[in-house]
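Hi,

Here is the structure I promised to send over. My notes on what I found in it follow below.

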Amino acid sequence: MSLDALDTKRWLDAASIDPAVLELRPDYRALLIVADGLRPGPGDDFSERVLAAAETQARARFADTPVEEHPHLAAWRDAFRAFGAKPQRTRPSAEALLRRLDAGLPRVDRLTDLYNAVSIAHVLPLGGEDLDHYQGAARLVRADGTEPFEITAGGEPAVENPRPGEVVWRDDAGVTCRRWNWRQCVRTRLTHDTTRAMFVFDALGPMTDDELAAAGDALTATLVEGSPGAQTVSRIVAG
């Protein structure tokens with residue numbers, strides 16, 4: 001199905017951030033990019049080259065600086081504390097990735113490896129969702145604690161719930177990502193069959209709008225290079 005058939009602009013226009021989230025961090029902005037015509041599958045030479053280059057760049061950047069002292073990651077730690085999460089235990093996604101640099105990042109699949117490369121190169125949380133499994137608009141809210149979050153436990157499907165007040169991304173069916181950008185659900189995760197995806201870039205005050213746009217441009221260019229003919233549409237959602 002094409003981007004026009006999906007009516008992507010209307011879907012993006014319906015994405016929202018609840019005022020209760022902005023009370024925690026008025027400086028928060030989300031860049032949403034929808035991409036269609038993607039080439040999914042296991043990692044390959046292209047995704048390996050992109051991710052390895054990003055690892056090299058990130059290792060040089062953090063050679064003499066602790067990851068948690070980077071201004072954007074420090075702001076994310078503060079944001080997690082604001083809704084009761086402990087960033088030493090449940091880290092913002094970009095920090096969690098960067099802390100694995102010494103051993104090398106995990107190779108997950110072609111599309112995930114590509115967006116992880118942009119995340120560590122631009123030092124911002126970035127996630128990808130399979131849009132074919134989304135139900136309704138994307139909303140960033142503070143959970144009431146009853147929302148379903150689909151996971152796998154012991155190799156079997158399971159459902160857990162966020163804590164009341166936790167910041168979560170959700171759609172009509174339930175939570176798609178807990179603790180802002182900590183953990184994605186099974187239902188909307190990218191797979192070897194994903195050809196249409198939505199990518200979420202999370203930015204706080206220390207990251208400028210120009211830096212956020214540069215990260216978006218980097219992912220768009222990478223996706224199009226790796227999936228010739230792919231189309232993208234984007235929107236920044238803010239308070």
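In which loop is the place of G41? It is the one between β2 and α4. (Helices here are DSSP runs of H or I with at least four residues, strands are runs of E with at least two, and both are numbered from the N terminus.)

Before going on, some ground rules. This is a predicted model, in which local features need pLDDT of at least 70 and side-chain atom pairs count only at pLDDT 80 or more, while totals for chains, interfaces and linings use all residues. Residues are numbered from 1 along each chain as its sequence is written, and side-chain values use heavy atoms, with hydrogens and water left out.

**Back to G41**

G41 is buried, at a relative accessible area of 6%. (Buried means under 20% relative accessible area, exposed means over 50%, and partly exposed is in between, with a 1.4 Å probe and protein chains only.) If you leave aside neighbours within four places in sequence, G41 is in contact with D109, R110 and H192; contact means heavy atoms within 4.5 Å. G41 and T112 sit 71 residues apart in sequence, and their C-alpha atoms are 9.9 Å apart in space.

There is another pair like this to look up on your screen. T232, in strand β11, is 195 residues from G37 in sequence, with 9.0 Å between the two C-alpha atoms. T232 is partly exposed, with a relative accessible area of 30%.

Helix α8 runs over residues 209-226, and its 18 residues should span 26 Å at 1.5 Å a residue; the end C-alpha atoms are 26 Å apart, which agrees. (The expected span is 1.5 Å times one less than the number of residues.) Its buried residues are L212, A215, G216, L219, T222, L223 and G226. These cover an arc of only 130° around the axis, which puts them on the same side of α8; the arc is taken from the directions from the helix axis to the C-beta atoms. An α-helix has 3.6 residues a turn, so residues three or four places apart point the same way. On the other side of α8, D209, D210, D217 and E225 are exposed.

What do the buried residues of α8 pack against? They pack against β2 (29-36), α4 (45-61), α7 (110-122), β10 (196-203) and β11 (231-238).

Helix α5 (residues 71-82) has 12 residues and reaches 17 Å from its first C-alpha to its last, close to the 16 Å expected. Buried in α5 are H72, L73, A75, W76, R77, A79 and F80, and their cover includes α6 and β10. Just after α5 comes G84, with a positive phi of about 95°.

The largest pocket has a volume of about 790 Å³. It is lined by 36 residues, and T112, Y115, W182, R183 and Q184 lie nearest its centre. Elements giving two or more residues to this lining include α6 (93-98), α7, β5 (149-153) and β9 (183-184). β3 gives the most, with four residues. The lining divides into 18 nonpolar, 11 polar and seven charged residues.

The second largest pocket comes in at about 210 Å³. Its lining is F83, G84, A85, K86, R89, T90, R163, P164, E166 and R179, which divide into three nonpolar, two polar and five charged.

For the terms: a pocket is an open set of points on a 1 Å grid over the protein atoms alone, where a 1.4 Å probe fits, with protein on both sides within 12 Å along at least five of seven lines; lining residues have an atom within 4 Å of a point. Grid points are joined across faces, edges and corners, and a volume is the space filled by probe spheres set on the points. Ala, Val, Leu, Ile, Met, Phe, Trp, Tyr, Cys and Pro count as nonpolar, Asp, Glu, Lys and Arg as charged, and the others, Gly among them, as polar.

**Backbone and a buried arginine**

Most residues other than glycine have a negative phi. V123, in the loop between α7 and β3, has a positive phi near 55° and is buried at 1% relative accessible area. W180, in the loop between β8 and β9, has a positive phi near 70° and is buried at 0%.

Finally, R178 in strand β8 (residues 174-178) is buried at 5%. Beyond its neighbours within four places in sequence, R178 has contacts that include F149, E160, E166 and R183.

Cheers
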